[in-house]
Amino acid sequence: MAKLKIPIIIDKQSNVIFVTLTVVINNKVADIPFKLDTGCNSVVLKHKTLQAFGIDTTSKAMRNKPSMPGRLADGTSSNFKQVGDIALYSNGNLLAKTGVICHATQETNNLLGTSVLHRYLSYKIQVGGDFQYLELEK
C-alpha cells in the first residue's frame, strides 16, 4: 500500500500543526498553508485565500452561495457557505478533489479536515525526530 509523507510545521507557541498543500481552483494554482484539524469535517478556506483565487467573498456574493450550518470547536453554532470544488496536491500527488466551504462572515484559518483525511485507510502525524510529517496511507 502506498504511503504519502507530507511535511508539517508545528507552531511552537500554539502547538498547532500546519501542512502546506498545492490548491487548484478554476485552473489557478497556489501553495496554501492549512491548519490540520481532525475535529473539522470539511475543508475550509478563509476569505483572503478565496479572493487570491478570484472568488468574490463580499457580503452580497456570500448571500447567494448555499448555506451549510456548522458547529465551532467551542460548541457554538455558525453558518458556512459552500463555495465550490478544489483539488489538493502534495508534491505532485493528488490527495483529493473535494468541496470547500468558508465561514459566512468571519475570517478563519484554512483548515484541512476529515473530509480529506478519511479518504485514506489511515493517517498518522509524526512529530518526533528530524522529519515531521503527515502520513496518508492509500
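1. Two strands pair if DSSP finds at least two bridges between them; strands here are DSSP runs of E, at least two residues long, numbered from the N terminus. By that rule β1 (residues 3–10) pairs with β10 in the antiparallel sense, over five bridges. Within this pairing, Ile6 has Leu134 of β10 as its bridge partner.

2. A quick word on what we're looking at. This is a predicted model, where local features need pLDDT of at least 70 and side-chain atom pairs count only at pLDDT 80 or more, while totals for chains, interfaces and linings use all residues. Residues are numbered from 1 along each chain as its sequence is written, and side-chain values use heavy atoms, with hydrogens and water left out.

3. β1 also pairs with β2 (residues 17–25), again antiparallel, this time over three bridges. Ile10 sits opposite Ile17 of β2. The hairpin of these two strands has six residues between them, and Asn15 there takes a positive phi near 60°.

4. Back on β10 (residues 133–137), have a look at Glu137, which belongs to this strand. Glu137 counts as buried because its relative accessibility is 18%, the cut-off for buried being under 20% relative accessible area (1.4 Å probe, protein chains only).

5. Ser78 deserves a point of its own. Ser78 lies in strand β6 (residues 77–90) and is buried as well, at 16% relative accessible area. Its side chain makes a polar contact of 2.5 Å with that of His103; such a contact is a pair of N or O atoms within 3.5 Å, one able to donate a hydrogen and the other to accept it, and residues adjacent in sequence count only if both atoms are side-chain atoms. Leaving aside neighbours within four places in sequence, Ser78 is in contact (heavy atoms within 4.5 Å) with Met68, Pro69, Gly70, Leu72 and His103.

6. Last, the largest pocket, with a volume of about 490 Å³. Of the 20 residues lining this pocket, Cys40, Arg71, Leu72, Phe80 and Leu111 are the closest to its centre. A pocket is an open set of points on a 1 Å grid where a 1.4 Å probe fits, with protein on both sides within 12 Å along at least five of seven lines, and lining residues have an atom within 4 Å of a point; the volume is the space filled by probe spheres set on the points, which are joined across faces, edges and corners.

7. Which strand gives the most to that lining? β5 does, with four residues.

Terms used
Buried means under 20% relative accessible area, exposed over 50%, partly exposed in between (1.4 Å probe, protein chains only).
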